[in-house]
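Dear colleague,

Please find below the structure that I am handing over to you. My findings follow directly after it.

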Amino acid sequence: MRKSCLALLLALAACAPQAPQRTVEERPFAGPAARGDADLRRAMLTMHNAARASVRQPPLVWDDALATAAAGYAREMARTGRFEHSPQPRGMPNQGENLWTGTRGAYRYDEMAQHWIDEKRDFVNQVTPNFSRTGDYRDVGHYAQIIWSRTTRVGCAMASNARDDYLVCRYVPAGNVVGELTLP
């Protein structure tokens, strides 16, 4: 009886679903991605403002206070390992927020921002939250915040733990306001 129970337990264990493997995407470059506050600022402004220019919106300016707020929250996510938006309201005036996470050192800053900008493929300029071709506003919310017509300032920061990078960008005025259009 004991041998049959042990055999049954081993068979069940072999059939139990395994936890998914962690995926690390291939990189188009060797070694760790370049890091530094100046590089982050330059990449984020370049990528954000190129996206805004493509829809005829004025460029954003860098805001050190927003970057400081973003840094605090990036450190919190790196410390806890929890990837979720910060509680609202954020700051005064209220700040919009974009979040990104990925394998530590595996992505350049421009690649991080490009993940948000790639949401453009599903964006339609309809009243928020009906601005996604997929029907799910979360599929375009990062992109919509980047190009939001009334947003004028941005500040970003990144923090890491042993496994992941956490990027936070904060925006003023906040975008993705329910009942409003992203672009005029």
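Gln-126 is partly exposed, with a relative accessible area of 45%; partly exposed lies between buried, under 20% relative accessible area, and exposed, over 50%, with a 1.4 Å probe and protein chains only. This is a predicted model, in which local features need pLDDT of at least 70, side-chain atom pairs count only at pLDDT 80 or more, and totals for chains, interfaces and linings use all residues. Residues are numbered from 1 along each chain as its sequence is written, and side-chain values use heavy atoms, with hydrogens and water left out.

Gln-126 lies in the loop between helix 4 and helix 5; helices (H or I, at least four residues) and strands (E, at least two) are DSSP runs, numbered from the N terminus. Leaving aside residues up to four places away in sequence, Gln-126 touches Phe-131, Glu-180 and Leu-181, where contact means heavy atoms within 4.5 Å. Gln-126 and Leu-183 are 57 residues apart in sequence, and their C-alpha atoms are 8.7 Å apart in space.

Helix 4 (109–117) has Tyr-109, Glu-111, Met-112, Ala-113, Trp-116 and Ile-117 as buried residues. These pack against helix 2, strand 2, helix 5, strand 3 and strand 4.

Buried in helix 2 are Leu-40, Ala-43, Met-44, Leu-45, Met-47, His-48, Asn-49, Ala-51 and Arg-52. Their cover includes strand 1 (61–62), helix 4, helix 5 (141–147), strand 3 (153–160) and strand 4 (164–172).

Strand 4 deserves a separate paragraph. Nine of its nine residues are buried. On one side these are Asp-164, Tyr-166, Val-168, Arg-170 and Val-172, and on the other Asp-165, Leu-167, Cys-169 and Tyr-171, so that both faces of strand 4 are covered.

Which way do strand 2 and strand 4 run? They run antiparallel, and eight bridges join strand 2 (residues 96–103) to strand 4; two strands pair if DSSP finds at least two bridges between them. In this pairing, Glu-97 stands opposite Arg-170 in strand 4. Strand 3 is also antiparallel to strand 4 and joined to it by eight bridges, with Ala-159 opposite Tyr-166 in strand 4. Strand 3 and strand 4 form a hairpin with three residues between them.

Yours sincerely
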